Amino acid sequence: MHPILSDRRRFMVYIIAWIFTGVLIARLLVAADLANWSFALLFSLPVALFGSFLTSSAYFVCRSLPFNRRSFSIATLVFASAAMVSGISWLGLCYGWNKVLVLAAEEVEVLHLSPHLLVLFFITGFAVYLLALLAFDVYIAFDNIREAERREAASRLLARDAELQVLRSQIDPHFLFNSLNSISALTAIDAVAARTMTIALADFFRQTLAIAEKEKISLKEELLLCENFLAVEKIRFGKKLGVEFEVAADAEQAQIPPMILQPLLENAIKHGIRNLPKGGVIKVTIFQRDRWLHIAVQNPVSADPGNSTGNGLGLSNLRQRFFALYGDQARVSWQRTDDNFTLEMALPFEQTYHE
Amino acid sequence: MNKRLQVLIVDDEELARRLSLEYLRAHPDLEVIGECETGLEAVDAIGRLNPDLILLDIQMPQLTGLEVLEMTGRRSGVIFSTAYDQYALKAFDLHAIDYLLKPFSQQRFDEALGKARKLLAQDAAPVTQALESLLTQQSEKLPRLLIRDRGQVHVVPLESIDYVEAQDDYILIHAAGKSYMKTQSLAELETQLESQKGSSKFVRVHRSFLIQISALQALEKTSKDSQVAILKSGAQIPVSRAGYERIKPLLS
């Protein structure tokens with residue numbers, strides 16, 4: 001896109017600047033006693049307007065020589081010859097237009113184009129074009145820098161997203177070692193339960209590995225992951241941990257980023273259920289409405305203020321991740337009352353049909 | 001030894017406690033006198049039963065194992081266990097204190113038990129000292145106060161404290177609309193709070209009042225040289241002349 005021709009405001013400023021230049025030329029001609037005001041203006045304004053269009057073409061000359069594929073000598077050569085061509089064309093026009101005016105209005109005082117004046121016109125045309133070339137070149141350079149910055153910001157966003165994914169898919173060492181400890185305890189108490197727990201743990205990690213690399217998975221897959229995770233946690237926490245799922249059937253095929261629900265359950269246990277001597281029930285509600293997928297997780301928390309654990313970092317991360325994926329097309333909000341914590345999120349309802 | 005050693009098991013996971021019980025079966029000279037599910041229960045049980053040996057999990061909700069020790073003043077006869085806690089483990093290694101990493105074997109358990117027994121029989125001063133310095137280090141990182149009031153243990157975050165009031169031989173800590181009683185002098189608490197590295201700042205505005213700067217709403221002049229501090233909670237605290245001199249530079 002041409003920076004001047006494609007922008008109405010810039011174009012107006014540009015044209016006005018050239019009209020002033022035309023007036024200035026006329027003023028000089030009058031001052032040098034070469035013509036009277038009316039003839040000088042009649043001559044200089046069209047010539048200046050032609051000059052403005054001629055000069056704007058310098059942009060395309062600069063564009064044709066990208067920075068990374070130009071040598072100094074070639075650039076100099078191209079710029080010099082372009083300026084030369086421009087100077088000659090302008091000179092030719094000045095000469096021709098003067099002739100036309102003289103023929104058209106014979107009684108008007110004629111502008112005598114001395115060789116000196118012609119050389120002056122040529123040099124002006126040459127110099128102005130060269131300046132324009134340099135100005136456009138600087139403009140393009142700045143534009144390139146801005147563009148590079150934009151790209152860098154975008155790639156940073158993507159990189160952070162990838163990093164978050166990796167972070168999330170990393171094994172929580174507490175979970176792993178405590179689970180292994182539970183298995184170790186179960187071997188002597190209940191061998192079948194020990195085996196069940198080993199398998200649930202293996203299934204959970206295998207699935208984590210399988211989905212962590214994917215950009216989107218179906219809600220059904222995520223729910224399966226949660227099931228395996230909860231199977232392990234239920235053995236660890238026993239009757240303390242209750243979970244109620246309420247998932248609308250038409251929501252199950254929704255495509256969601258992997259591991260958005262499982263970490264929430266993990267949080268609900270870590271910061272909620274675990275702190276309650278009698279435990280509690282985590283409620284998960286998922287439904288689809290008006291092309292939005294709504295997910296809500298509610299869990300009881302201890303009312304004692306000293307027990308508020310965590311710093312909301314995980315939740316801010318989730319918000320950032322959603323922002324990177326959906327822009328402002330997704331919402332995450334949470335609120336804590338005295339004895340309850342509720343997290344709600346809404347994301348665009350996406351489905352794939354070719355499964 | 002003519003008396004069986006009494007053991008208390010502290011872990012928030014039932015299966016983990018059962019594993020300890022199983023491993024202890026190989027040691028008939030030990031007697032399990034109690035199991036605790038939370039740090040608060042442990043504080044209570046340690047005070048009540050004074051066990052010879054405590055199997056203490058570090059990572060527990062509400063109160064961590066280290067906070068249990070801090071509250072009870074218990075410094076010896078403890079075997080620590082943890083699944084994973086980078087920071088705690090670093091501290092333990094630094095002070096050469098033994099601990100069990102979950103899951104652990106019977107052999108490793110017996111070894112830790114053997115060490116603990118030896119220390120119980122002899123002079124345990126080095127370990128006590130190591131633990132003492134570890135806890136001092138840890139408590140600097142914990143911007144909260146542990147209060148035992150009327151048989152109950154409370155964890156009060158420092159930032160929630162509005163003011164502390166000295167009574168006859170105890171203090172009343174007012175935090176988030178509640179008040180807690182503690183047998184300690186105001187001067188003692190003041191030094192303790194000063195050593196905290198958190199963002200909470202307290203000022204002694206009166207012989208018997210300590211207020212948190214961030215809880216202050218305004219200072220009001222009531223007569224020629226007496227002031228009253230009005231807190232955001234609405235409470236009005238008398239400010240002595242010396243107290244005013246202390247608080248003035250902090251308000252600019």
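## Where the two chains meet

Let's start at the interface: 21 residues of chain A are in contact with 24 residues of chain B, contact here being C-beta atoms, placed from the backbone, that lie within 7 Å. On the side of chain B that touches chain A, helix 1 (14-24) and strand 7 (152-157) of chain B each supply at least two residues. Helix 1 of chain B gives the largest share of that side, six residues. By type, the residues on this side of chain B are 11 nonpolar, five polar and eight charged. In that count Ala, Val, Leu, Ile, Met, Phe, Trp, Tyr, Cys and Pro are nonpolar, Asp, Glu, Lys and Arg are charged, and the others, Gly among them, are polar.

A word on the model and its labels. This is a predicted model, in which local features need pLDDT of at least 70 and side-chain atom pairs count only at pLDDT 80 or more, while totals for chains, interfaces and linings use all residues. Residues are numbered from 1 along each chain as its sequence is written, and chains are lettered from A and ligands numbered from 1 in the order in which they are written.

## Chain A in outline

Chain A holds 10 helices and seven strands; helices (H or I, at least four residues) and strands (E, at least two) are DSSP runs, numbered from the N terminus. Of the 355 residues in chain A, 29% are buried. A buried residue has 20 or more other C-beta atoms within 10 Å of its own, an exposed one 12 or fewer, and a partly exposed one a count in between, again with C-beta atoms placed from the backbone. Among the contacts in chain A with a separation of 6 or more, 73% link residues 24 or more positions apart.

## The sheet of chain A

Five strands of chain A form an open sheet in the order 2-4-5-7-6, with mixed pairing; two strands pair if DSSP finds at least two bridges between them. Strand 2 (241-247) and strand 6 (331-336) of chain A are at the edges with a single partner strand each, so one side of each has no neighbour in the sheet. Neighbouring strands of this sheet are turned by 10 degrees against each other on average, direction ignored.

A:Ser333 has A:Glu344 in strand 7 of chain A as its bridge partner.

## Two helices on that sheet

Helix 8 of chain A lies across strand 2 and strand 4 (280-289) of chain A, at about 165 degrees to strand 2 of chain A. Angles run from 0 to 180 degrees between N-to-C directions, and axes are lines fitted to C-alpha atoms, for helices over the stretch in contact. Helix 9 of chain A packs on the sheet too, touching strand 2, strand 4, strand 5 (292-300) and strand 7 of chain A, and its direction makes about 20 degrees with that of strand 5 of chain A.

These helices also meet each other: the axes of helix 8 (residues 219-237) and helix 9 (residues 262-272) of chain A come within 9 Å and cross at roughly 30 degrees. That makes the two helices of chain A roughly parallel, the term for angles under 35 degrees. From helix 8 of chain A, A:Glu222, A:Leu225, A:Cys226, A:Phe229, A:Leu230 and A:Glu233 meet A:Gln262, A:Leu265 and A:Ile269 in helix 9 of chain A. The residues of this contact divide into six nonpolar, one polar and two charged.

## The sheet of chain B

Chain B has an open sheet of five strands in the order 10-9-8-12-11, with antiparallel pairing. Strand 10 (178-182) and strand 11 (202-206) of chain B stand at the edges, each with a single partner strand, so one side of each lacks a neighbour in the sheet. The twist from one strand to the next averages 20 degrees.

Within this sheet, strand 8 (residues 161-166) and strand 12 (residues 209-212) of chain B run antiparallel and are joined by three bridges. B:Tyr163 has B:Ile211 in strand 12 of chain B as its bridge partner.

## Backbone details in the loops

A:Met259 sits in the loop between strand 3 (255-256) and helix 9 of chain A. Its phi is near 60 degrees, a positive value in a residue other than glycine. A:Met259 is buried, with 24 other C-beta atoms within 10 Å.

B:Asn50, in the loop between helix 2 (39-49) and strand 3 (53-57) of chain B, likewise has a positive phi, near 40 degrees. B:Asn50 is partly exposed, with 13 other C-beta atoms within 10 Å. Finally, the peptide bond from B:Lys102 to B:Pro103 is cis, with omega near -10 degrees, and B:Pro103 lies in the loop between strand 5 (99-101) and helix 5 (106-121) of chain B.

How values were computed. Angles under 35 degrees count as roughly parallel, over 145 as roughly antiparallel, 65 to 115 as roughly perpendicular and the rest as oblique.
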